[in-house]
Amino acid sequence: MELPFAESWKIKMVEPIRKSTRQEREQWLKEAHYNVFQLKSEQVYIDLITDSGTGAMSDRQWAGIMLGDESYAGASSFFNLKEVITRLTGFEYIIPTHQGRAAENVLFSHLVHAGDIVPGNSHFDTTKGHIESRKAIALDCTIDEARQTQLEIPFKGNVDPAKLEKALEEHNDRIPFIIVTITNNTAGGQPVSMQNLREVRNIADKYNKPVLFDSARFAENAYFIKTREEGYKDKSIKEITKEMFALADGMTMSAKKDGIVNMGGFIATRRQDWYEGAKGFCVQFEGYLTYGGMNGRDMNALAIGLDENTEFDNLETRIRQIEYLAKKLDEYGIPYQRPAGGHAIFVDAPKVLTHVPKEEFPAQTLTVELYLEAGIRGCEIGYLLADRDPVTRENRFNGLDLLRLAIPRRVYTDNHMNVIAAALKNVYDRRETITRGVRIAWEAPLMRHFTVQLERL
């Protein structure tokens, strides 16, 4: 008989987690103003708020930490990291930062100015925040199919070439670069095909525009290209990675995802002018050029993590766990962004809580209900995260409204997936009784979802 699938690693260390009572969770959530970001970690049973910085490092990574070089300038750990990044991407110029949003801050301080328009595929929260805080516009050019959560196509994160070309025809002088997010988080962790990356490159070359990849989950994107796109099944993840980045001028990365470290990020580019322009902002905001915002030990761990996580077995173990949870939700009839993405399940909240109006934030309401049900902390990726329109100050309800269940890498077992699925089923089964949502009591002007205070209606 065929052997069943099993993880490509074994467990070496464990961390205890505790269950809580419904009464405790009611009190804790009220104290947190119904914002799960404000909960304490010990108040959470299964934590799916993010896959960023929450993965379990390997024994090789922990060994690398002990060998970290903490020299202020010229640390060997930086050159270890630089060698791996250049080998994987082909990019020569590297600036380490403390995480992805810092990489955006450093690079966008050089590239983005008031009045600019930055087209791309569903800019994520910090990317959009760094663009809009500079009085520029983040223009979404994702394919329309991404909005149809029950439609199954292999590369739902793609840029729409017609939308992109229209933007360049109409606003050429205002566009400093094109950004492509791989995988496309806001659209549901959906991948971008190599063919689409080529189309973007060709359009960019036609209008003489550079291309930047937001690359937090580039390895997962490469996995989907290998398993879903014709002509790539016999190529290694590292070969596909090199081919992807050959179509870009540079990248920003939150290394806390596919790099599997607790903190870290970087800018990498082949353009010397970008490097020279960003250097001063690195020194101003982050630190000296050979450590940026990172310790030497973290750079060592990241170099090893990038090397390990661009191997097929590691990625297959991770992504098949997402697929396992998706199949459980299929059994229960719970709608999510299909097909299952690389790092998370994105539950289509308005299709679950059909009686909660959009003005009362269905995905945030579903996030609250799931926590109350079983102490599981997810994250709203929808109307709250969208912020207000920077001109009209009206809430933006034109995108998807999703509950994201982000699965940390190498942390939870399939038994935890069973608990998550059962808890969601319990909420789903009583969905007809949930008729009111939440309202905003206080919010920040940008990236409000992190600190927003809500009231239950």
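Residues are numbered from 1 along each chain as its sequence is written, and side-chain values use heavy atoms, with hydrogens and water left out. Because the model is predicted, local features need pLDDT of at least 70 and side-chain atom pairs count only at pLDDT 80 or more, whereas totals for chains, interfaces and linings use all residues.

**Exercise 1. Describe the domains and the contact between them.**

Step 1. The domain assignment gives domain 1 (22-51 + 312-456) and domain 2 (59-309), with bounds that come from an automatic or database domain assignment.

Step 2. Between the C-alpha centres of domain 1 and domain 2 the distance is 26 Å, and the contact (heavy atoms within 4.5 Å) takes 36 residues from domain 1 and 40 residues from domain 2.

Step 3. A UniProt annotation from an unreviewed entry, "domain: Aromatic amino acid beta-eliminating lyase/threonine aldolase", covers residues 47-422; UniProt positions are given in the numbering used here, feature names are shortened, and annotations may be inferred rather than shown by experiment.

Step 4. The end C-alpha atoms of residues 47-422 lie 15 Å apart, and the span is 43% helix and 12% strand, where helices (H or I, at least four residues) and strands (E, at least two) are DSSP runs numbered from the N terminus.

**Exercise 2. Characterise the lining of the second largest pocket.**

Step 1. The second largest pocket holds about 640 Å³ of space, and among its 26 lining residues the closest to the centre are Asp 140, Arg 147, Thr 186, Asn 398 and Gly 399.

Step 2. The largest share of the lining, three residues, comes from β4, while each of domain 1 and domain 2 contributes at least three residues.

**Exercise 3. Decide whether Lys 257 and Asp 348 are buried or exposed, and list their contacts.**

Step 1. UniProt, in an unreviewed entry, places the feature "modified residue: N6-(pyridoxal phosphate)lysine" at Lys 257, which lies in the loop between β7 (250-254) and β8 (265-269).

Step 2. Lys 257 counts as buried because its relative accessibility is 13%, the classes being buried under 20% relative accessible area, exposed over 50% and partly exposed in between (1.4 Å probe, protein chains only).

Step 3. Not counting residues up to four places away in sequence, Lys 257 touches Asp 51, Ser 52, Ala 216, Arg 217 and Arg 409.

Step 4. Asp 348, in strand β9 (residues 344-348), is buried, with a relative accessible area of 6%; with residues up to four places away in sequence again not counted, Asp 348 touches Thr 149, Pro 335, Tyr 336, Asp 401 and Leu 402.

Definitions and conventions:
1 Å grid on protein atoms, 1.4 Å probe; cavity = no way out; pocket = protein on both sides within 12 Å on 5 of 7 lines; lining within 4 Å. Points joined across faces, edges and corners; volume = space filled by probe spheres on them.
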